Amino acid sequence: MRDTVELLEAIGRDATLRRASPEVLARALKATDASPGLLELVANGDGTALTNELGLVDRYVEHMSQTGAHEESLLN
Amino acid sequence: MNTSNSASTSAPRGSITSVGMGITLGSHLTPIARNYIETADVVFAALSDHVVELWLERLNPEIRSLQPYYKPGKSRMKTYREWVEVMMTEVRAGKRVCAVFYGHPGIFAWSPHKVIEVARAEGYEAYMEPGISAEDCLYADLGIDPARFGCQHLEASQLLFFERNLDTTGHVILWQLGVVGDRSLGRFRTPDAYRELLTERLCQDYPADHEVIVYRAPTLPIEGPHIQRVALRDFTSAEYTGHETLVIPPAQALKPNAVWRARLDELDAIHGSGIEPAVTA
């Protein structure tokens, strides 16, 4: 089975796949022996299996405090 | 010769470079950012998607995620100061450090700027390399050119904390909607009521039925952008994960400024208007 993380990165730099339709992408992924979780995400938009396969955990995305919140003086 | 010996025996000077990972895995990482990551002694990472972090580990196994420093109820400013300190500890130890942040490291990110400021003040080399930001993706996916009508970007909470004037003749783009109205810095998501309050504030400047766009750029290349158009009054009921940005298109036409146009006429009378002369037969 193809390494999912490497495969995703490869798709991201492949001009023929980056904007491909879900159908085209699904065919290409099956041909590369993609994992069941990745196939499920592409086919149905359900990332549950991929999350379990890779042990994914949600990331916090805030890297900036709100200007005007407490500790504002520490911003500078 | 003595100078050469001195240089070869001295401890390596630490350095730090803040780089952007871009938003979409595989599509956005710049060559120079990739090289900083590959050649670093230590890589610190604050990314928006765990899959991207897993890929980064393959690029350089000396990765240290900054995610564990977050904690519900803990001020994020404390977290960000800890990030700066842990990165500077490695710089002071003589390491070549790379700090990787999703998107652009200098946009809506406090610690990349701060660590460069601190490192330079202590005499270390420190740089920032730009990355493709969510803002860049937004322009491409929504077909907005910020030069056409202008574009006003605000951290959403500022509309509730301060008296800010919105330019309704240009695009207004509001960020960090997930924590809008949070003054504690200890929450990662405020209840929908806070976004309803934001809607109430926006309705002071816009009609409630004004169409707005809820936008989210894709982090994985098998996904497309999330683009949902709703009436302003329905903004809080849109599909919402906490990673979205609110785009408010212009509500009014640009109004010609007669005073300054007249002043331009005066200058044109002296310097020429720049219009190609008409060809006479």
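Q: What makes up the division of chain B into domains?
A: In this predicted model, chain B is split into domain 1, residues 11–132, and domain 2, residues 135–248. The bounds come from an automatic or database domain assignment. Taken over C-alpha atoms, the centres of domain 1 and domain 2 of chain B are 27 Å apart.

Q: How many residues of each domain of chain B take part in the contact?
A: Domain 1 of chain B gives 18 residues and domain 2 of chain B gives 13 residues. A residue pair counts as a contact if the C-beta atoms lie within 7 Å. On the side of domain 1 of chain B that touches domain 2 of chain B, α3 (50–59) and α4 (76–92) of chain B each supply at least two residues. The residues of that side are 9 nonpolar, 6 polar and 3 charged.

Q: Why are β6 and β9 of chain B said to stand at the edges of the sheet?
A: The sheet is open and has 5 strands, in the order β6-β7-β10-β8-β9 of chain B, with mixed pairing. Strands pair if DSSP finds at least two bridges between them. β6 (151–155) and β9 (226–231) of chain B each have a single partner strand, so one side of each lacks a neighbour in the sheet. On average, neighbouring strands of this sheet are turned by 20° against each other, direction ignored.

Q: How do you know that β7 and β10 of chain B are joined as a pair, and which way do they run?
A: Pairing needs at least two bridges, and 3 bridges join β7 (residues 171–175) of chain B to β10 (residues 245–248) of chain B. The two strands run antiparallel. L174(B) stands opposite L246(B) in β10(B).

Q: Which strands does helix α6 of chain B touch where it packs on the sheet?
A: Helix α6 (residues 134–142) of chain B touches β8 (211–216), β9 and β10 of chain B. The direction of α6 of chain B makes about 50° with that of β10(B).

Q: What elements does chain A hold?
A: Chain A has 4 helices and 0 strands. From the N terminus on, its elements run α-α-α-α.

Q: Why is chain A called more spread out than a compact globule?
A: For 76 residues the globule rule gives 11 Å, while the radius of gyration of chain A is 18 Å, well over that value, so chain A is more spread out than a compact globule. Along the principal axes, the C-alpha atoms of chain A fill a box of roughly 55 × 30 × 20 Å.

Q: What share of chain A counts as buried?
A: A residue is buried if 20 or more other C-beta atoms lie within 10 Å of its own. Of the 76 residues of chain A, 26% count as buried.

Technical notes:
Residues are numbered from 1 along each chain as its sequence is written. Chains are lettered from A and ligands numbered from 1 in the order in which they are written. This is a predicted model: local features need pLDDT of at least 70, side-chain atom pairs count only at pLDDT 80 or more; totals for chains, interfaces and linings use all residues. Axes are lines fitted to C-alpha atoms, for helices over the stretch in contact, and angles run from 0 to 180 degrees between N-to-C directions. Two residues are in contact if their C-beta atoms, placed from the backbone, lie within 7 Å. The radius of gyration is taken over C-alpha atoms; the globule rule is 2.2 Å times the number of residues to the power 0.38. A residue is buried if 20 or more other C-beta atoms lie within 10 Å of its own, exposed if 12 or fewer, and partly exposed in between; C-beta atoms are placed from the backbone. Ala, Val, Leu, Ile, Met, Phe, Trp, Tyr, Cys and Pro count as nonpolar, Asp, Glu, Lys and Arg as charged, and the others, Gly among them, as polar.
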